[in-house]
Amino acid sequence: MSTIFLLIYVDDILITGNNSLAISDLLQKLHTKFAMKHLGQAHSFLGIQITSRPNQYFLSQPQYANSILQIANMTSSNSLANPTCTKLPQNLVEDPILSDRNTYRKITGSLQYLTITRPDISYSVNILSQHMHNLMPPHIYLLKRLLRYIHGMQYFGIPFSDANWARDLVSRKSTSGFCSFLGTTLISRTVKKQHTVARSSTESEYRALAAATADLIWLLRILADFQVPLDKPTDLYCDNTSYIALANNLVYHARKKQIEIDHRFIRDHIQNKNIRLLPLSTIDQITDIFTKPLSTPRFLQLRLKLTVAEDPSVCGDILEHQNSKTQNQEGHV
């Protein structure tokens with residue numbers, strides 16, 4: 001059976017499938033109805049650069065990242081290894097460009113789109129976005145620091161590999177964020193504030209678990225549409241044993257009436273064998289990179305687990321030069 005997929009955004013179309021002749025026939029039929037230009041194999045789509053390699057596609061946005069740096073006049077700035085910091089300096093120097101509210105909002109809004117291929121900057125962008133209308137010197141400092149990090153890592157992105165696409169979807173979560181993997185490929189992540197105040201840390205984390213479960217079920221349906229059915233429960237890793245116990249023990253949960261709806265929702269999917277809750281070590285909690293400022297060694301460790309890496313088509317001497325600058329300039333903005 002021939003299968004063809006089309007991704008359409010306004011007048012941009014990506015097409016793929018398992019039968020090249022069927023794809024060619026479809027393109028010919030589309031040409032008879034619409035004025036179209038066939039650009040051949042995809043190299044970019046909506047500003048996202050696509051590098052094709054054996055068994056892998058690599059997605060990155062170096063040109064888009066550079067356009068943001070140009071707005072901030074930071075195309076020749078020194079690089080940093082960490083987009084944020086655990087402690088702000090006492091003396092913050094004002095930046096004449098980034099201090100402008102309109103420029104700050106424009107750059108921060110643009111950075112939201114960059115997180116498509118750069119999940120490692122999600123936490124920093126999320127923090128900056130919360131202060132679009134209440135700009136203070138620390139926010140300008142953090143934006144400048146983030147831009148310096150991006151400058152040194154413009155050619156970083158995320159790989160999409162089909163070599164390890166076993167029938168195993170893994171979602172890792174934390175209090176306000178979670179990410180999903182298909183095999184070793186990152187396919188989804190979310191980080192945001194919860195809508196209401198929780199009465200306990202367990203309640204807060206349980207809400208996040210329910211949100212992760214809902215997102216996971218949606219992904220399972222999408223995968224089924226793409227003819228990637230899963231014939232066993234999907235592993236959902238949690239770093240808190242208390243809400244794993246809540247999900248599996250009705251008697252224990254009876255004291256937590258305020259999260260009864262979330263509990264029933266999660267238990268239904270456990271009993272229907274859609275998901276399986278498993279413990280996760282704090283050391284392996286990837287979503288810490290989405291929810292809190294980290295030391296540089298910890299940040300680099302989690303970035304590696306997140307699969308964010310440099311475009312393999314970029315020459316190694318560029319990375320070596322950037323790493324040298326990063327080590328020399330770390331901590332100075």
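Visitor: How do helix α4 and helix α5 pack, and what makes α4 roughly antiparallel to α5?
Guide: In this predicted model, α4 (residues 122–129) and α5 (residues 137–152) pack at an angle of about 150 degrees, with their axes 10 Å apart. Angles under 35 degrees count as roughly parallel, over 145 as roughly antiparallel, 65 to 115 as roughly perpendicular and the rest as oblique, so α4 is roughly antiparallel to α5. Axes are lines fitted to C-alpha atoms, for helices over the stretch in contact, and angles run from 0 to 180 degrees between N-to-C directions. Helices are DSSP runs of H or I of at least four residues, strands are runs of E of at least two, and both are numbered from the N terminus.

Visitor: Which residues make the contact of α4 with α5?
Guide: On α4 they are S124, V125, I127 and L128, and on α5 they are H139, L142, L143 and L146, where contact means heavy atoms within 4.5 Å. These residues divide into six nonpolar, two polar and no charged. Ala, Val, Leu, Ile, Met, Phe, Trp, Tyr, Cys and Pro count as nonpolar, Asp, Glu, Lys and Arg as charged, and the others, Gly among them, as polar.

Visitor: How do α3 and α4 pack?
Guide: Helix α3 (residues 101–114) and α4 pack at an angle of about 145 degrees, and their axes are 10 Å apart. Their crossing is left-handed, meaning that the near helix is turned anticlockwise from the far one by less than a right angle; clockwise would be right-handed. Y104, T108, L111 and Q112 of α3 meet V125, L128 and S129 of α4. By class, this contact has four nonpolar, three polar and no charged residues.

Visitor: Why is V10 called exposed?
Guide: V10 has a relative accessible area of 71%. Buried means under 20% relative accessible area, exposed over 50%, and partly exposed in between, with a 1.4 Å probe and protein chains only; therefore V10 is exposed. V10 is in the loop between β1 (4–9) and β2 (12–17), and its phi is near 55 degrees, a positive value in a residue other than glycine. Most residues other than glycine have a negative phi.

Visitor: What makes Q227 partly exposed?
Guide: The relative accessibility of Q227 is 46%, so Q227 counts as partly exposed. Q227 lies in the loop between α6 (201–225) and β10 (234–238), with a phi near 60 degrees, which is also positive in a residue other than glycine.

Visitor: Why is A22 called partly exposed?
Guide: Because its relative accessible area is 22%, A22 is partly exposed. A22 is in helix α1 (residues 20–33) and, leaving aside neighbours within four places in sequence, is in contact with S2 and I4.

Definitions and conventions. Residues are numbered from 1 along each chain as its sequence is written. This is a predicted model: local features need pLDDT of at least 70, side-chain atom pairs count only at pLDDT 80 or more; totals for chains, interfaces and linings use all residues. Side-chain values use heavy atoms; hydrogens and water are left out.
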